[in-house]
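Let's go through this structure one feature at a time. Ask whatever you like as we go.

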Amino acid sequence: MHNPGFIPVLIHSAITLYMMAVLLRWTAPWLEVNVHQGRLAWIPRLTDPLLLRVRHILPPTGGMLDWSPIATLMGLWILRVLLAGS
């Protein structure tokens, strides 16, 4: 078996945790979870800066669907594969 080492595992874990935060931020309205107050208030502060940048990069779609979480998750997934391997 191949031992990936501490740094790649740390990078993989950190990006995965951030991806989970983005996923929670994205699905919170449907799950009726309030991420703006209480113990989950750190999630928007952590994820919104990147989501806002992605929103500015994506072209407007004219619909009600926000593609920035999907694009962010895909970008983070690619970054995780490039930096830490599969």
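Q: How many residues does α2 have, and what span is expected at 1.5 Å a residue?

A: Helices here are DSSP runs of H or I with at least four residues, while strands are runs of E with at least two, and both are numbered from the N terminus. The expected span of a helix is 1.5 Å times one less than its number of residues. With 16 residues, α2 reaches 24 Å from its first C-alpha to its last, close to the expected 22 Å. Keep in mind that this is a predicted model, where local features need pLDDT of at least 70, side-chain atom pairs count only at pLDDT 80 or more, and totals for chains, interfaces and linings use all residues. Residues are numbered from 1 along each chain as its sequence is written, and side-chain values use heavy atoms, leaving out hydrogens and water.

Q: Where does the kink in α2 lie?

A: The bend at a residue is the angle between two axes, one fitted to the seven residues ending there and one to the seven starting there. In α2 a kink of about 40° lies at Asp48, shortly before the proline Pro49.

Q: Which residues of α2 are buried?

A: Buried means under 20% relative accessible area, exposed means over 50%, and partly exposed is in between (1.4 Å probe, protein chains only). In α2, the buried residues are Ile43, Pro44, Thr47, Asp48, Leu51 and Val54. Their cover includes α1 and α3, judged by contact, which means heavy atoms within 4.5 Å.

Q: What should the 26 residues of α1 span, and where does α1 bend?

A: At 1.5 Å a residue they should span 38 Å, and the end C-alpha atoms of α1 are 35 Å apart, which agrees. The helix bends by about 30° at Arg25, with the proline Pro29 following within four residues. Buried residues of α1, including Tyr18, Met19, Val22 and Arg25, pack against α2 and α3. After α1 comes Glu32, whose phi is positive, near 55°.

Q: How many salt bridges does the structure hold?

A: Side chains of opposite charge can pair when their charged atoms come close. A salt bridge is a side-chain nitrogen of Lys or Arg within 4 Å of a carboxyl oxygen of Asp or Glu. The structure holds two. In one of them, Arg25 meets Asp48 at 3.0 Å, N to O. Arg25 lies in α1 (residues 6-31) and Asp48 in α2 (residues 42-57), so this pair ties together parts 23 residues apart in sequence. Both Arg25 and Asp48 are buried.

Q: Which side chain does Arg55 meet in a salt bridge?

A: Arg55 pairs with Asp66 at 2.9 Å, N to O. Arg55 lies in α2 and Asp66 in the loop between α2 and α3, so the pair ties together parts eleven residues apart in sequence. Arg55 counts as partly exposed, at 35% relative accessibility, and Asp66 is partly exposed too, at 28%.

Q: Which residues make the nonpolar surface patch?

A: Patches are made of residues with over 30% relative accessible area and no salt bridge; like charges are joined within 9 Å, and nonpolar side chains (Val, Leu, Ile, Met, Phe, Trp, Tyr) within 5 Å. Accessible areas come from the Shrake-Rupley method with a 1.4 Å probe, and for residues only the protein chains shown count as cover. Here Trp77, Ile78, Leu79, Val81, Leu82 and Leu83 make a patch of about 590 Å². Leu79 is found in helix α3 (residues 68-84) and is partly exposed, with a relative accessible area of 36%.
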